[in-house]
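Keep the viewer open and find each spot as you read.

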Amino acid sequence: MQNEKLITNAIDTSELSFNDFKSIVINDYKIACESRQASILGRREVLTGKAKFGIFGDGKEIPQIAMAKAFKNGDWRSGYYRDQTFAFATGISTLKAFFAQLYANPTAGADPFSSGRQMNSHFATKSINNDGSWNDLTQIKNTSSDISPTGGQMARLVGLAYASKLYRQNKELEYLKNFSVKGNEVAFGTIGNASTSEGVFFESINAAGVLQIPMAISIWDDAYGISVPAKYQTTKEDISEVLKGFQRDAKVAGYEIYKVKGWDYPALCEVYEKAIQVCRDEHVPVLIHVTELTQPQGHSSSGSHERYKSKERLQWENDHDCIKKMREWMLESAIATEDEILEIEKGAKTVVREAQKEAWYEFLEGIKPEQKQAIDHITALAKYQPELAKIAGQLASIADAQRREVYSAVRKALRLSAKFESEERNAFLSWYKKQQDLNFERYSAKLHSDTMESPDMIEVVPAHYDDLSKMVDGREVLNACFNENFARDQRLVAFGEDLGNIGDVNQGFAGLQAKYGELRVTDTGIREMTIMGQGIGLALRGLKPIAEIQYLDYLIFALNVLSDDLASLSYRTNGIQKAPMIVRTRGHRLEGIWHSGSPISMLLGSLRGMHLCVPRNMTQAAGMYNTLFRADEPALVIECLNGYRLKEKLPTNVGDFTVPLGKAEVLEEGSDLTVVSYGSTLRIVQEAAEELAAFGISVEIIDPQTLLPFDTGHICVNSLKKTNKLLVVDEDVPGGASAYILQKVLEEQKGYFHLDAQPKTLSAKAHRPPFGSDGDYFSKPSVDDVVEVIYQMMHEANPQRFPALF
């Protein structure tokens with residue numbers, strides 16, 4: 001009983017008998033009561049220490065049931081962590097799964113949303129089958145994986161809704177039967193009233209209004225953001241009043257805006273039915289402002305709302321509790337008797353308690369075998385070291401041990417027994433290493449999707465040239481690559497600022513909108529966060545988006561969306577969702593503070609889970625795009641801003657050749673010193689190498705090509721075995737990406753053992769480059785800098801052969 005689903009049904013009063021209507025209402029009341037009890041019991045579990053933290057949906061039950069009635073197979077949700085009742089009402093979650101997630105149970109199938117990696121009420125549905133193929137998303141109720149940043153769900157919501165527009169209007173996509181039924185799917189978004197103060201909310205609302213997409217945003221308004229009341233949050237203390245200008249009329253497209261009280265069950269059902277029908281049929285965005293909601297237990301398990309709410313407010317919340325008001329309405333309407341309602345409420349407590357107990361029992365049962373095995377191994381060692389018996393006894397005394405406690409004891413016993421070799425210790429160590437592998441799978445696996453469409457699985461095809469191959473501008477190589485791939489794969493779409501009509505500011509997409517149409521090559525407004533979100537949503541729904549940010553410096557505006565959502569998607573869902581989106585931008589050298597950035601260390605620290613491609617020219621970039629177009633993992637490609645008009649030879653297979661990710665390339669062989677560089681500085685290093693050759697200095701130049709992953713073939717350390725000296729050159733700040741490269745080469749590849757001189761880095765200055773060519777020269781590595789740094793390194797190694805320059 002405790003793991004059965006109570007799913008809400010739509011109400012069609014024109015066809016239902018009173019008994020049928022009563023049955024639906026009573027079922028809805030059961031869902032609401034069970035959800036409320038899950039919130040109450042969940043909070044207790046946190047306060048007793050069984051769970052680390054809890055955040056619950058109490059006070060929002062009735063509107064979420066109404067929303068669930070309008071939610072159909074194929075639809076998508078992009079919500080936030082108050083939506084547990086919706087998850088119960090749609091069948092997305094069971095009570096037991098809810099508690100399994102609260103306990104962070106990593107056992108396969110226990111927490112089907114994140115495998116214990118996310119806190120409670122962070123839901124996700126299974127888009128990806130076990131073999132890596134796509135599920136039939138039209139046959140399930142879909143929810144994109146939740147994230148905790150309170151407005152972060154808004155950016156991807158735009159993309160989820162935009163996909164329906166593309167599926168409806170682009171007939172060439174009709175073959176993708178598993179992803180859409182003629183674009184009839186609605187993307188449902190939810191957000192708290194306080195979070196509507198965030199920039200990403202306004203950016204998303206505006207984008208959806210411009211795009212005219214089936215996006216239905218529900219605002220749960222309980223008049224507070226944690227302890228901060230609406231008067232400090234929102235102009236007029238009313239977000240739908242603020243947004244009145246978005247209301248459409250007969251002449252101008254816009255939104256349909258609805259306002260409804262969150263405790264009024266019949267009105268909520270009516271509004272949601274009407275609003276979603278408009279959204280679904282007409283592809284008009286709708287906004288449903290649900291007011292007069294309450295939060296009976298406060299914001300979360302970390303504090304009490306009695307600290308900041310007045311007695312009058314608390315009394316009002318008690319009187320207007322949505323479940324209490326529905327109860328009153330049911331009695332007044334003679335839908336149920338007092339005894340019937342009491343029976344429902346009593347039954348809800350029983351069902352929830354049983355679900356909680358079962359989830360807790362299964363969580364512990366997954367750990368107990370490991371606890372016993374650990375105790376047995378430590379006890380076996382105690383024959384030789386009696387003091388270890390205390391560790392075994394302490395571990396045995398923990399009734400509800402968690403893995404942290406088990407493996408802390410294991411590791412301590414292994415440390416203390418290091419000097420006592422025995423068969424028992426060898427067996428213990430072998431067991432521990434196997435457990436390490438299991439724990440990696442439980443807690444660290446699936447940073448990447450690792451399916452048969454992984455970039456690692458894409459065939460490496462060399463670029464081909466013949467006697468007719470022309471020398472062209474680098475931008476023309478990219479343009480030809482994009483053209484070939486857009487003709488090959490109808491799923492490809494590209495969008496960004498100035499990308500459509502003029503073909504991007506550097507002409508990589510020149511002429512392609514005219515050839516493939518506005519639905520596939522599209523201009524956007526200046527809205528970096530929702531450009532990224534647009535791409536994430538499309539990728540979640542089976543398309544292959546290229547989302548462009550005009551300059552690398554401006555990627556910082558969208559870094560939260562990429563880091564919180566896209567980069568962590570495969571990991572936080574343990575591989576049940578993926579978004580094969582490509583972010584295209586350009587950076588490195590130019591003039592000016594905001595058009596010459598190379599903040600690579602910022603990206604390296606934020607985007608683990610994505611591939612970070614730093615091609616040295618447009619041919620290499622094209623090869624990386626060809627790989628990524630055929631793969632299913634997200635990536636960022638940074639083109640060299642000063643390379644679009646440099647001449648390159650056009651490959652005859654420009655749409656087919658591939659550059660493998662993570663494979664470094666030796667550009668020039670040398671014997672005296674290894675230089676690792678990427679992007680625009682490689683040309684500078686190559687030019688410097690020519691002058692250094694006149695001094696008798698032989699430089700080996702290595703291009704890692706991608707920084708995530710980095711040199712998986714260990715080309716760098718193999719070079720160090722020959723040269724014994726290392727210089728890293730890049731345009732990031734001192735100690736930025738160069739420090740990352742040093743860690744990879746010296747520590748991970750063990751290059752430290754092959755050095756006979758101090759490794760050096762040559763980076764940009766700590767400030768951004770001032771405007772003009774002189775600013776570039778004095779703030780970023782120049783040919784002179786590279787020559788002099790390398791010469792100085794050789795002087796330190798052999799001062800007689802290389803006397804001091806200065």
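1. Let's begin with charges. There are 48 salt bridges in the structure, and keep in mind that what you're looking at is a predicted model. Side chains of opposite charge can pair when their charged atoms come close.

2. Here's one of those pairs to look up: Lys 372 and Asp 376 form a salt bridge, and their closest N and O atoms are 2.9 Å apart. How many residues apart are Lys 372 and Asp 376 in helix 11? They are four residues apart, so about one helical turn separates them.

3. Next, some helix packing. Helix 1 (residues 18–47) and helix 4 have axes that come within 11 Å and cross at roughly 25°. Angles under 35 degrees count as roughly parallel, so helix 1 and helix 4 are roughly parallel to each other. Their crossing is right-handed. On the helix 1 side, the contact is made by Glu 34, Ala 38, Leu 41, Gly 42, Glu 45 and Val 46, and helix 4 brings Leu 95, Phe 98, Phe 99 and Leu 102. By class, the residues where helix 1 meets helix 4 are seven nonpolar, one polar and two charged.

4. Helix 4 has another partner to check. Helix 4 (residues 95–102) packs against helix 11 (residues 338–381) at an angle of about 45°, with the axes 8 Å apart. Are they parallel or oblique? Helix 4 and helix 11 are oblique to each other, and the crossing is a right-handed one. The touching residues are Leu 95, Lys 96, Phe 99 and Ala 100 from helix 4, together with Val 351, Val 352, Ala 355, Gln 356, Glu 358, Ala 359 and Glu 362 from helix 11. Sort the contact of helix 4 with helix 11 by class and you get seven nonpolar, one polar and three charged residues. Leu 95 and Phe 99 of helix 4 turn up in the contact with helix 1 and again in the one with helix 11.

5. One more helix pair: helix 5 (residues 153–169) and helix 6 (residues 199–211). Their axes come within 9 Å and cross at roughly 10°, so this pair is roughly parallel. Helix 5 passes helix 6 in a right-handed crossing. From helix 5, the contact uses Met 154, Ala 155, Val 158, Tyr 162 and Lys 165; from helix 6, it uses Val 200, Phe 201, Ser 204, Ile 205, Ala 207 and Leu 211. The residues joining helix 5 to helix 6 come out as nine nonpolar, one polar and one charged.

6. Finally, have a look at two backbone details in loops. Which form does the peptide bond from Leu 708 to Pro 709 take? It is cis, with omega near 0°. You'll find Pro 709 in the loop between strand 20 (706–708) and helix 23 (715–723).

7. The other backbone detail is at Lys 236. Its phi is positive, about 65°, although Lys 236 is not a glycine. Lys 236 sits in the loop between strand 6 (228–229) and helix 7 (239–242).

Notes. Residues are numbered from 1 along each chain as its sequence is written. This is a predicted model: local features need pLDDT of at least 70, side-chain atom pairs count only at pLDDT 80 or more; totals for chains, interfaces and linings use all residues. Side-chain values use heavy atoms; hydrogens and water are left out. Axes are lines fitted to C-alpha atoms, for helices over the stretch in contact, and angles run from 0 to 180 degrees between N-to-C directions. Angles under 35 degrees count as roughly parallel, over 145 as roughly antiparallel, 65 to 115 as roughly perpendicular and the rest as oblique. A crossing is left-handed if the near helix is turned anticlockwise from the far one by less than a right angle, and right-handed if clockwise. Contact means heavy atoms within 4.5 Å. Ala, Val, Leu, Ile, Met, Phe, Trp, Tyr, Cys and Pro count as nonpolar, Asp, Glu, Lys and Arg as charged, and the others, Gly among them, as polar. A salt bridge is a side-chain nitrogen of Lys or Arg within 4 Å of a carboxyl oxygen of Asp or Glu.
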